[in-house]
Amino acid sequence: MKFLLDENANVGIISFLKSKGYGTIRVPAGFANGAVLSLAVKEGRSLITHDADFSLEAPVFDHPGILLIRIPPRDFEDIKRSLERLLSEKSAPDLLANRLFLLLKDRYEDFGFRAEEFLL
């Protein structure tokens with residue numbers, strides 16, 4: 001699986017995910033949210049972010065998934081545990097596609113997140 005780390009997320013996530021064998025890169029500085037999601041789609045990378053703006057409007061196109069971290073960036077060990085939990089249960093890209101995952105300290109929540117699913 002491949003991931004795109006938003007610029008607001010703890011940079012340690014990159015080395016953590018790479019150590020687990022996941023291709024992970026960081027968003028270039030200054031990208032607007034629309035450009036960030038477009039880059040994720042273009043490269044087939046699930047987006048990892050702290051930016052709740054990504055949860056406000058469901059994309060109208062297919063996307064590789066959005067992982068919205070709801071754990072403070074300073075709580076890196078909790079973020080790693082939450083990512084490990086999610087990725088142990090969702091171990092293939094198609095299990096993340098068109099979904100929004102809220103990563104919380106003790107669990108994650110999973111939502112269909114494409115306009116046609118979101119509006120039902």
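Rings of Phe, Tyr and Trp (for Trp, the six-membered ring) pair if their centres lie within 6.5 Å, and planes under 30 degrees apart count as stacked, over 60 as edge-to-face and the rest as tilted. This is a predicted model, in which local features need pLDDT of at least 70 and side-chain atom pairs count only at pLDDT 80 or more, while totals for chains, interfaces and linings use all residues. Residues are numbered from 1 along each chain as its sequence is written, and side-chain values use heavy atoms, with hydrogens and water left out.

The structure holds two aromatic pairs. In one of them, the ring centres of Phe-3 and Tyr-22 are 5.6 Å apart and the planes stand at 80°, so this pair is edge-to-face. The pair links distant parts of the chain, since Phe-3 lies in strand β1 (residues 2-5) and Tyr-22, 19 residues apart from it, in the loop between α1 (12-19) and β2 (23-26); helices (H or I, at least four residues) and strands (E, at least two) are DSSP runs, numbered from the N terminus. Both Phe-3 and Tyr-22 are buried, where buried means under 20% relative accessible area, exposed over 50% and partly exposed in between (1.4 Å probe, protein chains only).

Phe-101 and Tyr-108 also form an edge-to-face aromatic pair, with 6.0 Å from centre to centre and 65° between the planes. Phe-101 is buried, its relative accessible area being 0%, and Tyr-108 counts as buried at 17% relative accessibility.
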